[in-house]
Amino acid sequence: MSQVSLVCSPFAVLQSGKAKDVAVGCSAPLGATFVAGGVNFSVFSRNASRVELLLFDRVDDARPARVIDIQSATNRTLDYWHVSVEGIVPGQLYGFRMYGPFDPPRGMRFDHEKVLLDPYGRGVAIPESYSRSSATVSGDNAATAMKSVVLDPSSYNWEGDLPLRRPASRSIIYEMHVRGFTCNPNSGVSEKNRGTYAGVIEKIPYLQDLGITAVELLPVFQFDPGNAVNGRLNYWGYDPISFFAPHCAYSSRRDPCGPMDEFRDMVKALHRAGIEVILDVVFNHTAESDHNGPTLSFKGMENGVYYVLDNDRSRYANYTGTGNTLNANHPVVRRMIVDSLRYWVQEMHVDGFRFDLASILNRDEAGNLMPSPPVLWDIDSDPVLAGCKLIAEAWDAAGLYQVGSFPGHSWREWNGRFRDDVRSFFRGDEDTVGRLADRLIGSPQIYGHKAREAEQSVNFVTCHDGFTLNDLVSYNVKHNEDNGEHGRDGTDDNRSHNWGVEGPSEDPAVEAIRNLQVKNFLTVTMISLGLPMILMGDEMRRTQRGNNNAWCQDNEVSWLDWDLLAKHADVYRFVRLLNQHRLMRSEEEAESRVSLNELLQRGNRAWHGVRLWAPDWSKNSHSLAMHMSCPADDLTFHLILNSYQEPLEFELPVLRVGEQQWRRWIDTSLDSPDDIVEWPVAQKVPSPVYMAGARSVVVLYARLG
């Protein structure tokens, strides 16, 4: 086991009258840390009057096996309470009791009857009898409380593994849910591993074949699945209660040390396959909810430090829509956030983070927008995090929208405007051609002032929050009745179209236009400048039955139905070939020096319409063409987008001297396998014009020699 060198000797001075295996301990590091001779425990609280460390033998024990009093006179350094205990081994269960005033009008909510998780705990164990309500009402909740787990991160054999640091320009993100990816019995994953980190390992060959380079995992920090409505479960996991512990329910192992090691097994296996791991992290709120919510950790530790409180300090500011807001720019909370990120990079080897409702991190303790938020600059400038992919969801639930204006040098942003404008164009909305053109070339109208690379824009059409790609072309309105909120949840701004039938259809014509539109969305996502992201299952037309907010649907609504892979094999093939081209993994890689995306970034671009040099930017236009070439390279591309409901004939540019005939790489209006082809078998286009089908995307290319 590792030993951490501290600024003091934790067992140098025994406390008078105490057991011989207990010593004063040290304030740093926070959490439970192995030191020479034992484990040092340290926790922050400014206003507590007394703290007890509780050691448990079993997770469902009603009483701790041992209670160690952390005395203010001898075991407190400023606001840090600490003690060292000999003989502790990995897997030891523990928690804290914090004594102090329960005075909500002053923002204090100490409750010594509640067993509290360590904010820096590396593991969490949950009893089968876990009760969220018992942490809300008065009374001792030891038997039904979550417990922290003492772990030794250094005991794992990484076998030389390191984060991959893949350039964003060579990356394709696949947003996925650890449980939902493999928990369906038809996933082909062994029964023990379904819905777990180990299950993801079994499906790595699938991810490799698909051609993605990074998985962006929905939250894997330990969360409270019981924080949902009407007896449902929190499936997405946007309700953390520990910022250091991997969610234990995603582990196939039931021992206390299992989740951490199995998570690292998954990361190591993904890295060996050339796939990065990006975590969707939630530093804007916790599972403790509002003033009626439970006391699980932070509330009982130091409520007024960890949370942004309202003017009425018995209530919480709610910029998240979840009941509370983490006080992210307080020095103690800032340190915890950065320590968490460092831990996941250094000890868990993850490659990056996507920050949920990241604009909240711009707010101060009064909720006001800060011109230079300390926590964001701490993250941006931290040397340990240098090279990580930092992705912001640049808005919050209280109306703050910062797409294009999120502070910092290293941050990339989910481009919500890309999503909206691409959806609007292919639905046939008016006044969309100009905006679509900007999205294709990296959204310079949004990001140009920052003089950053195009990959600052994370381009996506669908994500976990909203319709799947199949549902985007199958439903006009959301169908969230199963969520139990009477349709009040989920956005109404979906920009979707059902193409004649609401929901599933057996009509071949309806299915044909839906399939075509799915390929349109995928094509534009992959060929546009920026960092592309696709949603789990979109490559096989996964459906959520019209539910655009399936956060509480831990069932077939959300799980990936692997039978769809055979049903929609043409879509899967289409995505594979798109991915191959973006990363130049095709048979042409050895010959080609440039890809379409590279030409978009550094080549010559010219806009056209159905007539050369005559793009139609008018409000009523629904078509556009773009020519891309570079004198130093051997490839030229011509992109055609037609969202009219009838075919259009587009003039083609005259090729350069020495260039061969135009060839068709993509035409989404054609049936598979002609919709997209390998370059060596691309058919020649025999005419100076090309007839683009209704509502289609066409990509032609020509090469020198």
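A: Lys389 is in contact with Arg166, Pro167, Ala168, Ser171, Glu276, Ile278, Asp351, Gly352 and Phe353, if its neighbours within four places in sequence are left aside. The model is a predicted one. Lys389 belongs to strand S17, which covers residues 389–392. The relative accessibility of Lys389 is 5%, and because buried means under 20%, this residue counts as buried. One of its contacts can be given in more detail: a polar atom of the Lys389 side chain lies 2.6 Å from the backbone oxygen of Arg166.

Strand S17 runs over residues 389–392, and Leu390, Ile391 and Ala392 are among the residues that touch Phe355. Phe355 is also in contact with Val281, Phe283, Leu341, Leu361, Ile379, Glu393 and Trp411, again leaving aside neighbours within four places in sequence. The largest nonpolar core has 192 residues, and Phe355 and Leu279 are the two that touch the most other members. Helix H6, residues 331–346, supplies the largest share of this core, with nine residues. Another core lies apart from it; this one has twelve residues, including Leu648, Leu652, Trp662 and Ala692.

From the cores we turn to a helix and a pocket. Helix H8 has twelve residues, 416–427. At 1.5 Å a residue it should span 16 Å, and the C-alpha atoms at its ends are 17 Å apart, which agrees. Ten of the twelve residues are buried, so H8 is largely enclosed by the rest of the structure. At the N-terminal end, Asn415 caps H8, with a side-chain oxygen 3.2 Å from the backbone nitrogen of Arg417. After H8 comes Gly428, which has a positive phi, near 95°.

The largest pocket holds about 1,200 Å³ of space. It is lined by 35 residues, and those closest to its centre are Trp236, Thr320, Leu357, Asp465 and Asn549. H8 gives the most to this lining, with three residues.

Some backbone angles also deserve a look. Most residues other than glycine have a negative phi, and most peptide bonds are trans. Arg495 has a positive phi, near 50°. This residue sits in the loop between helix H11 (469–472) and helix H12 (508–527). Arg495 has a relative accessible area of 22%, so it is partly exposed. Trp613 also has a positive phi, of about 60°, although it is not a glycine. Its place is the loop between strand S21 (604–608) and strand S22 (623–629). With a relative accessible area of 67%, Trp613 is exposed.

The bond from Ala28 to Pro29 is cis, with omega near -5°, and Pro29 is found in the loop between strand S1 (22–23) and strand S2 (31–35). The bond from Ser672 to Pro673 is cis too, with omega near 10°. Pro673 lies in the loop between strand S25 (663–667) and strand S26 (683–684).

Notes
Residues numbered from 1 in each chain as written. Predicted model: local features only at pLDDT ≥ 70, side-chain atom pairs only at ≥ 80, totals over all residues. Heavy atoms only, no water. Helix = DSSP H or I, 4+ residues; strand = E, 2+ residues; numbered from the N terminus. Expected span 1.5 Å × (residues − 1). Buried < 20%, exposed > 50% of the residue type's maximum accessible area, 1.4 Å probe, protein only. Polar contact = N/O pair within 3.5 Å; in protein donor to acceptor, adjacent residues only side chain to side chain. Core = buried A, V, L, I, M, F, W, Y, C linked by side-chain atoms within 4.5 Å. Contact = heavy atoms within 4.5 Å. 1 Å grid on protein atoms, 1.4 Å probe; cavity = no way out; pocket = protein on both sides within 12 Å on 5 of 7 lines; lining within 4 Å. Points joined across faces, edges and corners; volume = space filled by probe spheres on them.
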